[in-house]
Amino acid sequence: SALPPDLLDLDEEVFYLRVERSVREGRKHDGKVIAEVEQHLNKHQFGRHLPAKQAKKAMTELGIPAEHIPSDRALDGVRHRHLEEAKSYDGKFVSTFRAFCQNPPLPVAVLHTEETPLVSEETVRVLFYEQENLDAVIAYLGTQDRCVLVMDATFKTNVQDLVLASLGLVVLHQVGGVVRNRFWPVVCAVCDKEDEPCYALLCRSFQKLLEASGLDWKKLVTNVVMDGAGGAINATSACFPDATLHRDLEHIKKDVKRTGTKKKVDSELTLEITEIIQFSAKIAHPLQFHVIWEDTLRRLRDPEDWNQEKFADYLEKWVLQKKGLWWSADWQSGLGQVCPGYGTQSHRLTLDLMQQWRDKEGDANTFLKYETAGRIMVDCRTVDITSVIVMPKYKLEYAKNKKRDMVQRLDLALCSLYEDGEAAFRTALGNPRQWSFSMHKKLFYKYTVMYVLSTGRVVDEHPHFVHSSCSEQAFFYKSVLGSLNLHPIARGPKTLKARRPRRDRRTEEFRKKMRTPSP
């Protein structure tokens, strides 16, 4: 009875949310709880009918405190759900889009199947591609024995709030001497919803286009990367049952940064966790991945160390998975491909330099080889190896002058083959009780480890540049084995502009906080 008059104009859902807030009156002393309630109320009141930027502007003009204003993602989410519930397309839009499908402008080609194109007042399902681009994709896949696919969708299209989804390849693209990881779109879809049928249409259309060109997509598609939203995982697992599915690393890092800010975690600590995520994504040994995260979570929970138990709970629930007794993750790719979102580049050695050095100094001062039997992770699958080779990444002089570091790098690669692999892994990094991120990075970025698989394929731990699933060091070692005629590939960036900008120096206080405890 004491509700203010302005609430009478609100819809029924927001009205009852206001009533719920009044019921929780006794908890208003808890600032966090009342902030969450206010954000929830404002999200429904302003976000359902306005885009995120306009909704925030309206709340600011009304004097709503900043801590009561929801995030862009929350506002976009409630708006999309509301629009989907009441979505209906007018006749002018339907007739215009149908005319486009019947006579698309060049070079667009609309794919006609039993399910598409479908344009009505309730449903939109249209698939399209570019013929010249498709011909280039088919020619490229004809020379490959495998491919990695990426799928994603965006709502940032037009006033109709249609979803634009696409499926394509992960490839390396060279521009001006700089080699970068790129997405090569193959087929696109315009749909009314980002749901399982939308992604299933993309997958089936890709299969049909490859089959029409005489390619076997069952053998080619080995990995599919996605953000995991909108039924993408269910659709992909049904269409590509033999492919390995994993989440995009870039989405994982963004989610962790966003959650760290929300939970008021120190920004430098959040950045350190995202670096550990990126670093561990390319770890070849499941045991090492487990040790990295076992020790990281322990330090997060330790009240005398990082003291971020809630952040550790979030990582365990949403970022990591536990298979048996070991930690794992669906964004961990192991060796082979560069996972989308990795985003690291640097200088590298070239084939001619390595050949000249070997001719002058010999094998003993060029690489360190160890024959063994074991299993490592390559493209999310464990495979057998026959030997391990260590080489410097950037300075061949290390192979001659720093043999002790080379042996330590070899011990680090072999520790997972020992009976007590966890202890051997920590010991190889200089501390038997705690994983040392700084030492691991030092060895990882100065030296690369190559593995000769039982199939004869050579893969390595060089995540910055990859060519046909291996770097130039791996190409060089293939020539040592006598199984490759060398043709130098494009060199990496040689100018400062092509390099990533250096981030600000971290404070001495934070470096002390992140330092691995003494053994």
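Okay, let's start with helix α11: 12 of its 15 residues are buried, so the rest of the structure largely encloses it. Buried here means under 20% relative accessible area with a 1.4 Å probe, protein chains only. Helices are DSSP runs of H or I, at least four residues, and strands are E runs of at least two, numbered from the N terminus.

A quick word on the source: this is a predicted model, where local features need pLDDT of at least 70 and side-chain atom pairs count only at pLDDT 80 or more, while totals for chains, interfaces and linings use all residues. Residues are numbered from 1 along each chain as its sequence is written, and side-chain values use heavy atoms, leaving out hydrogens and water.

Back to α11. Among its buried residues are Leu 269, Ile 273, Ile 276 and Phe 279.

So what does Ile 273 touch, leaving aside residues up to four places away in sequence? The answer is Val 256, Trp 293, Thr 296, Leu 300, Trp 306, Phe 311 and Leu 315, with contact meaning heavy atoms within 4.5 Å.

Ile 273 also turns up in the largest nonpolar core, which has 55 residues; together with Trp 293 and Trp 331, Ile 273 has the most contacts inside that core. Such a core is a set of buried Ala, Val, Leu, Ile, Met, Phe, Trp, Tyr and Cys residues joined through side-chain atoms within 4.5 Å. Its largest share, 7 residues, comes from helix α12, residues 286-301. Apart from this core there's another, of 41 residues, including Leu 134 and Val 221.

Zooming out, the protein has 20 helices and 14 strands, and 49% of its 519 residues count as buried.

Technical notes: Buried means under 20% relative accessible area, exposed over 50%, partly exposed in between (1.4 Å probe, protein chains only).
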